[in-house]
Every structure is written in C-alpha cells, then in structure tokens.
Amino acid sequence: MTEQFYEAPTVEQVSELVAAKFGKAVQLKGSKPRRVYMSADKGVLFELATYIHDVLNFEQASSVCAVDYESHMTVVYHLSNYFNGMMIELTVDLANDDLTVASVAPIWGGANWHERETYELFGIVFEGHPKLERLLTPADYQFFPFRRSYKLRRSD
Amino acid sequence: MSKMWVTMGPQHPFSHGLWTLKVQVDGEVIQDAEPVIGYLHRGWEKECENRTYPQIIPMADRLCYSASMTWSHLYCKVAEEAMEIEVPERAQYIRVIADEICRIQSHLMWLAAMGTDLGNLTIFLWALREREWFLDLNVKLCGQRLTTNFPRIGGVRNDMPYLFERDLMRVVDLFEKRLWDIIALTDDNAIFMSRMQGVGHVTRKEAANLGLTGPSMRGCGVNFDVRRDDPYMVYDELDWEVAVCDDGDSYGRYKVRIEEMFQSCEIIRQAVAKMPDGPTRVKAPRNVPEGTHVARLEDPRGESLMYLVSDGTDRPYRLKVRSPIFVNVSASKRLVQGGRMADVPAIMGTIDMCLGETDR
Amino acid sequence: MAMKYLDKYPKNNSRHLWVLKSFYTTFKQIIKTTRHRPVTIMYPYEKEWIPDYYRGRPGLVFDKCVGCGICERICPTTCIEMVEVDDAKAGKVVRPQVNVGRCMMCGYCAEYCPTKAMITTPEYELAAYTREGLIFDPYQLAYEGHNEEMQVHMHEHLLSDLQKGITDNPVNASLVDRPALDDAKCIGCSRCAKECPVGAVEMIVVGENDKGKPIKRPKFDEAKCIACEKCVMICPKDALALKEVL
Amino acid sequence: MAPISNWVTFANPMDNPLYQFGAVYNLPYDVGYKIWQLLGGLIAWLLDVLVPGNGVSLWLVGNAVSNALALVLMIIVVFAVCFIVNLTMIWIERKVLGRLMDRRATRIGPLGYLQCLGDGLKTFLKEHIVPDKADTKGYMWAVSIIIGSSVLVAGMIPLSYRFFLADYGSGLLIIFGLFSIAPFMILVAGWSQNNKYALLGGMRAAAQMISYEVPMLVVFASVALMAGSFNINEIVGYQNDNVWFIVPQIIGFVVFMIAATAEAERIPFDLPEAEAELVEGWQTEYGGMKWGLIMLSDYFRGYVACALGAIMFLGGWTLPFVDDSFLPEIVFLLKVILLFFIMVWTRGTLCRIRTDQILNIGWKILLPLAVLNLFVVVVLKVGGLV
C-alpha cells in the first residue's frame, strides 16, 4: 500500500490522518492554528514518528525534552514542517520504573543530541540511539541533575 | 603520514568559545570529526525552576551575549502565552525593532569572526566598527550594550527614548552604505571566495534532517523562517523577504546572513514608519495558571524554542530551551568531513558558535 | 520588497577584478583615516558618551528609602541584602547593601523600587582590590549628582484598563496591589503593624472576646501602602494575601 | 714617534695596507675604523700616560689591530642599521595596518615608534620554557638557525655601492641560498616540538617552500640573465645604465613579489602559522624571547624579500634622471619601504589561502608565468634589445 505524500498538511489533515492510522494509541489533545497537540503510547512512538516524517513531511525535530512530573515522566517532541510552519507537540508518558523509549534519532538526525541531553539529565534511555553517552556533564557523573528529586542548594 | 586525531579546542582560536572539535586528519584531509561540548554547562534550566518569572528575564539575556534581546524576548513570549496576555501594539513594534537591531549586531559579530577565521583582521575590525553603532543604539534604548534586559512579560521595559527614531534611521542608512565596503573585502575578493565556495556542502534534505536552522539552513535552500511562516509580533504586517540561497556551502550561508542584514534594515525602517502610539507594557500576573506552553522565535542563529511547564505558582515547573547552535553544532561532523584542516574555520565559522546557549 | 543583496550580487561585475576592488577599498580607508582620527577611543583617558540612564552599578538615595526589601526579593542574583544601619538622622533603619561583585546590572532593584530610592548609576568601573571592597554598604551606594534620569519607571497598564480603552493611566504593582485580610485566620497579633515600613497598617479594635480582651484587626491605609508584602510574609497564620489587580 | 694626540687623526681606512675591499670605499668599515681610532686611541693614550713609551699602545693603534677591530665594529654597525630598519618596518606595518583598520595602532614613544622595543622587553622578561617531550636539540637548534640565517641574510643585503658586508660575484645566489634555509628549518622545528599543530605547520612550510622557490629561482635566473651577472652591484649598475627591470620584466616582478611574500610567510601565504586552525602553527610551543626573536626574524625576512625586489626590479639605490650621489642608502631604503607597504597593504586586504590552493597557485600559475618571463628575457636578449 502506497501512502499519499503530504507536503504541507493542514491541521485538520494531520489530526484526521493520525487518528485514522493509529486509532486509540494516539490521543489528540487539541489544536491551535499551526499547532497540533497529541499524546502517544510508548509502543507506537517509532512507527508514529516514521509516519509523521515520511508521510506528513515533518522534516525536523525541533526539540526533544523531558519533564519530570514526579508521578511519571513525559518525553515531549516538537516536530516542525518546513512548508507551512506547522508544529506537532507529541508527548509520551513513561512510568517511573520503566524509563525507556524508542529513539527517533535514526529518523531525525537533529534529535540526536537532544536525546543524549535528555538521557544524561533525566536518565531516560532511548533505545536504538547511535551513541547514548553523556554530553554536557562529565562522563563519570552518577546522577541525573534535572530530576525533581535532585535539589539545588538554595531551593526551598 | 598515518591518520591522527587533532583536538581543536577548548582553547583554540577557531572555536569562539569553550568547545572542542576532535578531527581525524589524513595529512590535511579530514576523515572524521567529533564535537565535544559541555564545558560551560551551568544548569540554566534547573536554575530557572528556583526563580520567579520576572527574575528569569535577565538570566535569559545571559544565554547568548550577542543575541540577548531575542532570548529574553522568547522567554517573555512563552510567559505571555502562559499568562494569556497580549502585548500592546506599540510594544510589539518596539520589540521588532529591538530584535532586528540585535540580529544585525549579531550577524556583524559573526562577520567579524568569519574574517579572523579566514586570516583577515580588517573584516573583523570594520565589522566591529559598524556593530558599535548598534550597541550604542542598545545603550540608548535600554541602558546597556549587550545584556539588554529589555523585554518584559507583557511589553517592554521602557518606551523609546527621545530622538531614538532619528538616531535609528541615521544608523540604518549609514550602515547600509558601509556594509558594501565590507562586501568589497569579501565578495569582490577572489581569495575569500575561493575559501568559502564549495566547502561544507550540505543538501537541502540533509540540512532539514540534521536540524540546521536559521541562516545555516536557509543557505542550504530550505525556505523557512519563523518570522514569516509562524509569525509573531508584527512581522506579518511588514513587507520583507526571507533570504534563501540554494548553494548549500559556506558561501551560501554567508550570502544569506548578509542579505538578512539588509532585510533587517528594511524591517526597522518600516516598523518605525508604522509605529502607533500607546502603552508599552501590561501588568503581568504573578502566578501562572497550570499548563504547558511552547513558543518559538527566529534567533539570529536559528530557530530558538522554549517549552514552559507551569504549575500555578510564581516559578516555572520546567523551562526547556532549544538552542539553535546546540543542534547546528551536532551536525559539524557531517559538515567538516571530507574538507581540509584549513576549511574547519571556514565551515564552523558559518555556524556562528555561541557557547552560552549551547551548553546552557 | 526585493532582495537588496542577493538580487544585486549576480550583476556585480567588480568581482571579476580578482582582488583589485578590495585593494581599492582598503586604500581608500588608509587615505580616510590618515585625514581623520580613527574611531577607536583611548579608553582610560577618554571615555565614550553614555546617557544618564545607563545601567551601571545600583545607587541609593538614602533619604527616600523606606527599607521595604522589595529590591532584595526581586534581585535575580541575590546580591542585595538588607542591613541595619545607625543613621544620624533617622536612627536605626534597614537599608540595602549590594554586593556589586555578584550584581549583573539588570536594574530590577531600581525598576521595582516603590519610592524610587534605588537608582541605576552610570558608574561602570568597579574594580576593587578585595572581594570585600565590592560589597557596597548603603552609604557607599549613594551617587553624587543623581538626577531624575537615573530612576527607572515602570509604566505598566492594567489589562482591564486596556480592554476598557483607557491607555493613559500607567500604574505599577506598588500602586494597585494591596494586601487583603482573611478575617477568620487573623489572631490580631499586630505583627504586620510593627513590620510595615511605611506605617500603613493600623490595628483597630473591632470588638471584645469572651475573656474581655479587645480583638484587634489590621486596617490598611491604601494611600500609604506600597505593596511590599512584608506584612504578608510576617503573618504567622497566613491571614494576609496580596490581592493582585490586573 | 708621533705624539699620542696625532693617533686620532681619522685616517683614511683605505690607506691601511690590510684594507679588505680593494679599491671600493666601504662606509660601514670606515665608520668602524673611525670608532676604533677614537676608542683605541683613547686606550692607547691612557696606557701611554700611565706607562710612557710602552709597545702595547703602539700595537693597539697599529694597522693589524685597527683592521681587525674595524671589521668587528663594521659588523656591529651593519647589524645595528638592519635592526633599526627592521624596527621601523615593524612600526610601519603596525601603523599602516592600524590606519587601514580604522584604529590607532602603536602608542608608545613619539608616534608610537618605541612600541616594538617595549614588546621586545616584555618578551625578554618571559620565562624560557622547553616542552617536556620535545626533542630539545632540534627544538633549540632549529630556532637558532632560523633566527641566525635570517639575521645573516639581512646583513648580506647591500644598502648601496659603498654600504655592504661583502661584494661577491654571485651575491644574489648567496642571498637566495641563505634566504631559503629557514623554511627547511621550520620543518625541523615543527617536528621537534612534539605538537600536532606544529607538525602540520612544518609540513605546510615544506610544501610551500618547494612550490615557491622554483618560480622564484626562475625569476632570479631571468634577472641575472638580463644583467649578465649575479653580482648585485652589476645588476644595479646595469639597471641604472639601461632601464629598471620592472619595465621589461613586469611579469617577473609580480611573480617575485608573490613568491617572496610566501617565502617570508606573510598573509595571504602564512599557512605554516595559520592561527585560525593551527593555533600558531610551527611556533606553537615557542615562548618568551624565542618567540620574540622568531617574530623579529620574520620581519628580517620580509625586509630581505623587499630589498631583493628593490635590487632586482627597482634599480637598487639609483634614481633615474637624478644625480645618484644623493644618499644612496636612503633612496634604497625608501624603495624597500615602498615594497613593504605593498606587502602590508596586501596583508590588510586579503584572507589566508588554503594549502591546496597555495600549491595550485605556485605550480600552475606562478611557474608558467616565471617561465614566460624568462622567455621574454631570452627574446629580448637574443633580439639585442637590451
């Protein structure tokens, strides 16, 4: 089955196509002009990312970051389309006891260092990443400084 | 001669800051490269979690010394989005003008660095001479040269001072003439051209995939500018062009930056002509309602993005900064591979390194 | 709007002159600078013009300061500390002391100062021999010949005002934000009245309790209050909160 | 026995039977001779006062001692002149570059002239450091030879027909030979420092040296062919009699100036010390006064390059249509400074070029041009036009 290639999909197209293809694994959380917010299950992330890159033509991963909500962690992807300025905000929730997620670095080369940074600061392991090593902090660091459990000296 | 690894940095004239580029050379030809950063990592994002919203603005200035205006603007923008306040129109125009002043002076700083990278100190000093005017404008507008601390959540710090428009117009007019003098040293110079053309070639698809943004990306033929395609402030009301060049080499990236300086002058001119009267600042609430917000903006060096998670208190729960250089420098292996040792400054110079925002 | 450089550049024939145009340009510059003075200035001997509102080190107008501590709280680098000084005129008072070594000259202290006692001075040469020399006590902070220009004003507009179409009523937090009392929590300890730096809180008797003791409640003088939040922070029962006006 | 006061008579040095330079008057020798007559005469007089009628006094002012010490003093005089000329050239470079870049350049002393002395004093006070794992012998010898050969070749340049150290028949060749020792030693210096930047810089120096000395030698050959001699005096005399070689050999002049710029390692050809990518190239590990002397020797080499250009193409110390007895040294130095100004101007205008480009220019452009120049000379010579 060959899928149609969308050079500059509209907000509605993105919502409909993703909903049609992935069903319940992806929850659409709303949209604004040029923004689509969605949240995906961990299992379908790589497939979804490939779909967004290849079919919907989101050529760049603007940023990959993590947020520590204490009850769980969330990995947030911001994906940009260069033809109409659209941006997808994709969140993936991870349970605290299983901090692994598929790496999107093979799809978007730009996500490479973002994932390394997220790994070293939050301890989230990206499976399939070409080189998951510490980037900003020294190589012998033992802890993950951006987690909420890591308190700064002056923090109250 | 067998292959050897040469470590360029962290104290190296080409690196413009503290970072290392390890290159494997076979004679003069580069086989492999690996950038190493992190010497300046100070946990900026973590520090913000312990500061109130207004206190972060001067900190955002310190992300990059030569793009301080756009960084603090971006922070204010994401905070405004979170607080759901709209900036008064006059403040929007002032912000646009301030951003473009910042863009010109940042590009001039880049041009200066590019000159020394290629061994010509004259370009450096001439570009810095013109940059001084824009820094003087910064002094006049907000009282500081580099760390401006000018945008505020809900507007700008102060209105334009007396006779600022006049000075601005004079500087812009004179600068456009003087820039051609520098171009005579670069474009009209066969040696400069031979150093820049054909080195660090990246195709459009690769550039988009590697996450190059800003002039580096537009020099490779990606026709995208956040100012036009995801407009903020009043950029969509002004008539200007996005500089795009299909060359994909160092010279293409150079051309895009030069054109952007001219376009910035035009934006400033139009913004001053169109500027309405009115208030410049809205009182911002202290606490921010819960939610996640994202804002992006065209930094002089690329697309900068901030992701804010607020939890209803007066301090951000998490503030993520997407620095354009952080991603651009990750592509340096692809850029310098196959080039020569002498091409490294010519290629990495067009990335316009700034380590403050890379390591954060 | 056309490209100014990218369109013009392909028609630029001077680049076929190899390097001659560059040589001509630099030679012009030599001739020019031999005639006029170079643009660089000889820094320690001559200095660049800077406006009065240049953001150098913070300054203090001692008599205007009420010691409210807003500057201490807004300072992003926590370089301001409120210290007690024995003043000849005012007696024991609390005034800010600035560690200029940590100061990043953001000008927030002057901007948020409700009485405009903090100013930004155009002084930027701050080298000292010791770190202690960089800690400016309230008297050192004074700046000779300070003027109106050195004050930083916060011309904020209320969003509600703008929606109503009022655009000429600049306010700031110290003018509109006022503490509000949660009557049920108040125990009438009158700490807020003691703490208030401007004497805007007055304890008034509102009734008697079961034992015949008077019940006191704070009353705020809206005109005097500067919204410094000192009463809010000192309150042991969290009965006070700052009510923001937007 | 003449009275002692008669010893200081400023006798003509050419009357000394041991005079070295034949029938040619030598100005620095004369100066040295007169200085020794003052100095030695004073010592002899003092000795004579203390011990009247002693032989040492007579020996001190005798022909043999006078000649020997006059030669020593002459070398000192020549070096001092070279040194002062170099300081002036450094000052000119910094001043012109400053004006070109819209800044003030040197500030110390009258018109900033003494800045170089200040810088020299500063580098002199630095510690002497040898890298731990460097090859110490190579490290020290290479830099000594670079500095020594540069100073020697600068001293070999005659300032006029009467201001020279030695008047060789093959003077031009000897100067060229000494001039091209340094790039070879740069390779040794780069290798011995145990530093990768220095090694790459040394390699570049070797590549550059080979590609630039060939066209330069061809130009030398065509100049010598046209003048019919390698003797500097004769080359200059031939130009004075006929025409400055810059007119028939304009191609050769351009080729020579480019090659000489490369030989003196100045921008745009300062690849061995390309500071953007190689930190300081082959000089990376040299610090303190070693570095200061390397910098000084760079200017000595720049001076030699310009002086060779002035000798070979601009008629040396002669002026056309003007009586050439008018201070020939000054005329010569003015020509040198004119050429040096062009070098400085180039430095302020151009970028550094790349390694492969420098080889391309050397082999593919300059060498054919130099051969073309030689061809032109041969045609002129065969046609009897010159």
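Predicted model: local features only at pLDDT ≥ 70, side-chain atom pairs only at ≥ 80, totals over all residues.
On the H4(B) side, the residues in contact include Ala98(B), Ile101(B), Ile104(B), Leu108(B) and Ala112(B). On the H5(B) side, they include Leu121(B), Phe124(B), Leu128(B), Phe134(B) and Leu141(B). Gln105(B) and Thr116(B) of H4(B) also take part, as do Glu130(B), Arg131(B) and Asn138(B) of H5(B). Two packed helices are described by the angle between their axes and the distance between the axes. For H4(B), which covers residues 89–117, and H5(B), which covers residues 121–142, the angle is about 160 degrees and the axes are 8 Å apart. Roughly antiparallel helices are those with angles over 145 degrees, and H4(B) and H5(B) therefore belong to that class. The crossing of H4(B) past H5(B) is left-handed.

Chain B also contains sheets. Strands of a sheet pair through backbone hydrogen bonds, either parallel or antiparallel. In one open sheet of chain B, three strands follow the order E1-E2-E3 with antiparallel pairing. Strand E1 (4–8) and strand E3 (29–36) of chain B each have a single partner strand, so one side of each lacks a neighbour in the sheet. On average, neighbouring strands of this sheet are turned by 25 degrees against each other, direction ignored. Seven bridges join E3(B) to strand E2 of chain B, which spans residues 20–26, in the antiparallel sense. Leu21(B), for instance, has Pro35(B) of E3(B) as its bridge partner.

Another open sheet of chain B has three strands in the order E6-E7-E8, again with antiparallel pairing. Its edges are formed by strand E6 (291–299) and strand E8 (316–322) of chain B, each of which pairs on one side only. Nine bridges connect E6(B) with strand E7 of chain B, residues 302–310, in the antiparallel sense. Within this pairing, Val309(B) of E7(B) stands opposite Thr292(B). Helix H3 of chain B, residues 68–83, lies across E6, E7 and E8 of chain B and runs at about 150 degrees to E6(B).

Glu290(B) is located in the loop between helix H11 (250–274) and E6 of chain B. With a relative accessibility of 65%, Glu290(B) is exposed. Apart from residues up to four places away in sequence, Glu290(B) touches Ser310(B), Asp311(B) and Gly312(B). By contrast, a separation of 44 Å lies between the C-alpha atoms of Glu290(B) and Ile347(B), which are 57 residues apart along the chain.

A residue of chain C, Thr120(C), provides a buried case, with a relative accessible area of 3%. Thr120(C) belongs to strand E4 of chain C, residues 118–120. When residues up to four places away in sequence are not counted, its contacts are Asp52(C), Tyr53(C), Tyr54(C), Arg55(C), Arg57(C), Gly107(C), Ala110(C), Met150(C) and Val152(C).

Cysteines were considered next. A disulfide is a covalent bond between the sulfur atoms of two cysteines. Over all chains, the search of the whole structure finds zero disulfides. In chain B, the cysteine sulfur closest to that of Cys265(B) belongs to Cys102(B) and is 14 Å away, too far for a bond. Cys265(B) is buried, at 0% relative accessibility. In chain C, the sulfur of Cys189(C) has its closest cysteine sulfur in Cys192(C), at 6.1 Å, which is also too far for a bond, because a disulfide requires sulfur atoms within 2.5 Å. Cys189(C) is partly exposed, with 29% relative accessibility.

Backbone angles were also examined. Most residues other than glycine have a negative phi, and most peptide bonds are trans. Ala227(C) has a positive phi, near 55 degrees, without being a glycine. Ala227(C) sits in the loop between strand E8 (214–220) and helix H7 (230–234) of chain C, and is buried at 11% relative accessibility. Glu265(D), likewise not a glycine, has a positive phi of about 55 degrees. The loop that holds Glu265(D) lies between helix H10 (250–263) and helix H11 (275–278) of chain D. Glu265(D) is buried, with a relative accessible area of 7%.

Chain A and chain D do not touch, and their nearest C-alpha atoms are 24 Å apart.

How values were computed: Residues numbered from 1 in each chain as written. Chains lettered and ligands numbered in written order. Heavy atoms only, no water. Buried < 20%, exposed > 50% of the residue type's maximum accessible area, 1.4 Å probe, protein only. Pairing = 2+ DSSP bridges. Helix = DSSP H or I, 4+ residues; strand = E, 2+ residues; numbered from the N terminus. Axes fitted to C-alpha atoms, helices over the stretch in contact; angles between N-to-C directions. Contact = heavy atoms within 4.5 Å. Parallel < 35°, antiparallel > 145°, perpendicular 65-115°, else oblique. Left-handed = near helix turned anticlockwise from the far one by under 90°.
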